[in-house]
Amino acid sequence: MQLVSLRMMTENVDRLVQFYEAVTGQVATRYTVDFAELRWSAVALAIGHPRTMAHMGAELVRPAANQSVIVEFLVDDVDQVFERVRQVAEVVQEPITQPWGNRSLLCRDPDGTLLNFFTPVTAEARQRQQPAEG
């Protein structure tokens, strides 16, 4: 099994796409006015309007209601990312080195989803980021 996509539902696709393009440096592919993707080698961040799910039931998704998921981005230099992120995001925690060896930055996207940008700074933390075998 392989995780290939995370989809965020929003009432304002343009705003969320522009935000994620700004903080990640990736360019989104817009498939329709209601759906876009930012893609990395193994995973995509999809952004869609609830209309894309309407055929499955009107109450299936609730945009801007996440209170439990943190979207995490592994970055080369979290302090450098902070300079870009603080221009467009609500910063929750400026870069700090965590006890488990990651230097991390927490912020919120325009819909309130918590994001963690992090850089492993200890040998043990870097080792945890190595792909699992098998």
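Helices (H or I, at least four residues) and strands (E, at least two) are DSSP runs, numbered from the N terminus. The model on screen is predicted: local features need pLDDT of at least 70, side-chain atom pairs count only at pLDDT 80 or more, and totals for chains, interfaces and linings use all residues. Residues are numbered from 1 along each chain as its sequence is written, and side-chain values use heavy atoms, with hydrogens and water left out.

Start with the sheet. Its four strands run in the order β1-β4-β3-β2, making an open sheet with mixed pairing; two strands pair if DSSP finds at least two bridges between them. Select 5-9 and 29-32: these are the edge strands β1 and β2, each pairing on one side only. From one strand to the next, the twist averages 20°.

Now select 13-24, helix α1, which lies across β1, β2, β3 and β4 (44-48). Contact means heavy atoms within 4.5 Å. The helix runs at about 155° to β4; axes are lines fitted to C-alpha atoms, for helices over the stretch in contact, and angles run from 0 to 180 degrees between N-to-C directions.

Which residues of α1 are buried? Colour V13, L16, V17, F19, Y20, V23 and T24; buried means under 20% relative accessible area, exposed over 50%, partly exposed in between (1.4 Å probe, protein chains only). Look down the axis of α1: its buried residues fall within an arc of 160°, so they line one face of the helix. The arc is that of the directions from the helix axis to the C-beta atoms.
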